[in-house]
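Please open the model in a viewer and keep the sequence panel beside it.

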Amino acid sequence: MSPPVPRPPQHLPYYEDVSPGRGCRPPRAWYARSDARRMSLHGTWRFRLSPTARGADTAFARPDFDDADWAGLRVPGHWVLMGHGAPAYTNTRYPFPVDPPRLPDENPTGDHRHTFDLPSDWEPGPALLRFEGVESCARVWLNGRELGHFKGSRLPHEFEVGHLLRARRNVLAVRVHQWSAGSYLEDQDQWWLPGVFRDVTLHHRPPGAVLDHFVHASYDHRTGLGTLRVDCAPAGRVSVPALGLDLATGESATVPVTPWTAETPHLYDAELRTPGERVPLRVGFRTVRVEDGLLKVNGRRVLFRGVNRHEFDPRYGRSLGPEAMRRDLLLMKRHNVNAVRTSHYPPHPAFLGLCDELGLWVVEECDLETHGFGQQGWRDNPVDDAAWTPALLDRVRRMVERDKNHPSVIMWSLGNECGTGRGLSAMAAWTRDRDPSRPLHYEGDPACADTDVYSRMYADHAEVARIGRREEEPLADPVADARRRALPFLLCEYAHAMGNGPGGLSEYQRLFETYERCQGGFVWEWIDHGLRQHTAYGEVFHAYGGDFGEELHDGNFVCDGLVFPDRTPSPGLTELKKVVEPVRIGGTGTGTRTGTGTGTGTKPGAGDGHAAPATVRITNLHDFAGLTHLAFRWSYEAEGEVLAEGPLDVPPLAPGAHTEVALPPEPAGRRGREALWTVRALLAGDTAWAEAGHEVAWGQLPAAPAAPGPAVPRPPSVRAAPRRGEGNLVLLGPGAFDATTGVLRYLDGVQLTGPRLDVWRAPTDNDEGAPWQPGPRPAEQWRRIGLHRMRHRVASVEHGRDALVVRTRVAPAGSGLALDTDYRWSADGGRLRLEVSVRPYGEWPCPLPRLGVRMGLCGSLMTARWYGGGPGEAYPDTRAAARTGLWRMPVDALQTPYVRPQENGARAGVRWVELARSDGSGVRAEGEPAFWFTARRWTSEQLDAARHTTDLTPGDRVWLHLDHAQHGIGSRSCGPGVLPPYELTVAPARFAVILHSLR
Ligand code: IPT
């Protein structure tokens, strides 16, 4: 490539210049309320969209401008979500030519006008007009006078307007450009959504009102003392009634306090008084420090059970109301999430107040990402160009100054994915000077030059283990290497939650618990950014990249969250909740398989001669809290039937400690059925985030296996011989088979599409995989081989004395690979037994998606009932949350509606399943051994072809998969693939199912 030709200097308009803006007040601390007057300017404003920023005249800013023919627009909001233009999604690519700081002529520009009166009791005097967020560049006028312009979409900006205000008919005019030089600094992986999308408010500033204040509230865990000092301009006083404190600002006091932690978010109500204003404060005492190679809060190592949170709403984009913020946090708390990284920009300021109140560790990230420059080897990266440094400093200042008073914010993050350079170092230096109380985070610099923690994204398990042992690959510079090796480690992104998944969470958690250096991580990401749309028929679906005709887009990579766009938890969130639970019940490691959890003590069981646990191990995995907020309960269940239950007394347990608790004597009534202990930890009382009785953690321990006997049928003992029936049928027990193909056609006279070997699944996003991960992508390999178009050749149909044996070869066109598959059918009165044996032929280059049989059943089957893992979906490496029990669910509810349809809905460890009609008739399948079952009203092929949920229409069959094995899920849509133990390696296999009809 030839070197870039320097451009002649040129005067650039304000939206293309690298400066942060002009005319704004310096940033200051945010607070939710005070006794100074405030006024929201929310409402319906007048709006006009132009296709370009060029040549637009400014006449519209004049108060007397006639906007009668302009549209109405709700503010706050994004105009592209209100019928003007369209949203666009790209991941790392800039949707405009990379020519910093210039922009294309196509630069949608929205002119806004809003006319407002002041309340009659509004006093004259200084006032600030405040914008909490405008994407991406705004120029502002009030009553015809230009106030200035600014960039920095997710950051606050204020203008002094007191001298311009009048009692009636104030006219605010705001011109917003979708693209600006600032857009080069905002290349976060998300929708591009221009507009005045956060609050616009007017703040009366009486003489002597607070200009800025900084609450310093630290905690010394050795003495139990907290130290408070509030710096403020102008000077004033601070009182904390609960501590008996009344201090001058700038003065400090040290008193015994209850500290703030995410587990115990103790806040003290306080008040700051200056001559002109009274501001209620909520003070949390805590000290964050990196020492002994660990990140500690109040002297203790903390473990992040975190998520990355973008602000998103399926209708309103990044324009979120307080209900959505609270909803996110309640869902997080209820799913044992204890930390949030505000990827990749400061959130709405109210969000952090909620984090203080509910208790979350927050890594607050600056509104900065220049990822697109990575595609050109970081050439021209603004982060390493001094001309941009003022803009970067402006961004970090606006974040730190706004949010410095939140105890929940325990680290500042300089930004995301913007390479390295002097601009970042300048940001770090400024931040350290302004707020030495918080460590710095940034992931994009392998040398960690400006950071206090070593942070990575998507490192695989093996690498995390090496880092945990402080044995990672050295940096070239030994000094930098030694420094980094001494830092605590966190995964600022891991476990990419795109579509079905993420897999491998349990194994990560085990690493975090094994290596003290590994202090957890933040799952990527919280929510699917699918935009709610309607088909022509009015059905709702969620749109992703490409659905709005974007010329560049990155498809459904924007839908990679733990909750669906409408905030319904996905199976991934349920799995995360189980894996990160702060109390472990039974077993010593994480990810104990359903029904295989082990207590440590044993005693002889109730009369069966089996060994059953006498005790259950309880481990307190909190970092600060004891267990007194929890009530434990046990239950004893035989094949899902609760035979007895009661409270379990768990002694006080310090964080990190474990104990063995005796279980009660086994109750009678098992009658040969498989039995389990289930022990649950529930909230003992109401909390701010869930009610008493909310389940925090659970575990299961085997009590007794199923005994042979009448209650649990064994393989057919009385065998029937196949015989020729009417037409071309062979009859065997309740089955009628096609004599030529050997395929089961009727079960007890009810027609079905007989079971055949099936190895295909509609690839998940993780099967599809990301191109940047090493090694082949599973879905691509599968399609190359042809696993989605397997052919079945019947070699022979043999009528034995007591069995029908069908020998087949299952193989794709254009390949010599094959699965030689024998189906051996036998019968016992009303039951059919199918034994499948599979012998692979040829050198298979990759694992199989699944290995099992699929059959088509009558569409009138409505309800599934099963004994095994549930209630939700599970796969080999996502099954920690599947608990063994008796479950019932409508067939339609078995499906997980991933925004982009893909394999879903399997249930793990199923001993038997019944699909029934409303009159109770139907089909039952029992496994030898336990199997995975999946039932849906469309085929895997239809699922594979669908792009949106509304592309799937129920057919006249229910397709039932009984799988002997499933390939794991992994999180290769961005991170590592399936771990070896969960790969479905091609190997000889044999499994059986017993089928019979329900009458
Ligand atoms: C990483 C980004 O930080 C995040 O914003 C998001 O894009 C995520 O990936 C994937 O969904 S960067 C990635 C190229 C490793």
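Predicted model: local features only at pLDDT ≥ 70, side-chain atom pairs only at ≥ 80, totals over all residues.

Which residues does His-694 touch, not counting residues up to four places away in sequence?

**First selection: His-694**

Select His-694, which sits in the loop between β43 (675–683) and β44 (695–704). Display its surroundings: with residues up to four places away in sequence left out, His-694 touches Arg-334, Lys-577, Ala-681, Leu-682, Leu-683 and Trp-689.

Is His-694 buried or exposed? Its relative accessible area is 15%, and buried means under 20%; His-694 therefore counts as buried.

With which side chain does the side chain of Gln-190 make a polar contact? Show Arg-318: the polar contact between the two side chains is at 2.8 Å.

Neighbours within four places in sequence aside, the list comprises Ala-88, Tyr-89, Thr-90, Arg-154, His-310, Arg-318, Tyr-345, His-529 and Val-558. Then select Asn-91 and display C-alpha atoms: those of Gln-190 and Asn-91 are separated by 6.3 Å, although the two residues are 99 residues apart along the chain.

**Final selection: the whole chain**

Clear the selection and colour the chain by secondary structure, which comes to eleven helices and 61 strands. Oriented along the principal axes, the C-alpha atoms fill a box of roughly 100 × 65 × 60 Å.

How does the radius of gyration of the chain agree with that of a compact globule? For 999 residues such a globule would have a value near 30 Å, and the chain has 32 Å, which agrees.

Contacts may be displayed next. Among those with a separation of 6 or more, 74% are accounted for by residues 24 or more positions apart.

Of the 999 residues, 62% count as buried.

Finally, colour by charge. The chain has 116 positive and 122 negative charges, and their mean positions are 3 Å apart.

Terms used. Residues numbered from 1 in each chain as written. Heavy atoms only, no water. Helix = DSSP H or I, 4+ residues; strand = E, 2+ residues; numbered from the N terminus. Rg over C-alpha atoms; globule rule 2.2 N^0.38 Å. Buried < 20%, exposed > 50% of the residue type's maximum accessible area, 1.4 Å probe, protein only. Contact = heavy atoms within 4.5 Å. Lys, Arg positive; Asp, Glu negative; His and termini not counted. Charge placed at Lys NZ, Arg CZ, Asp CG, Glu CD. Polar contact = N/O pair within 3.5 Å; in protein donor to acceptor, adjacent residues only side chain to side chain.
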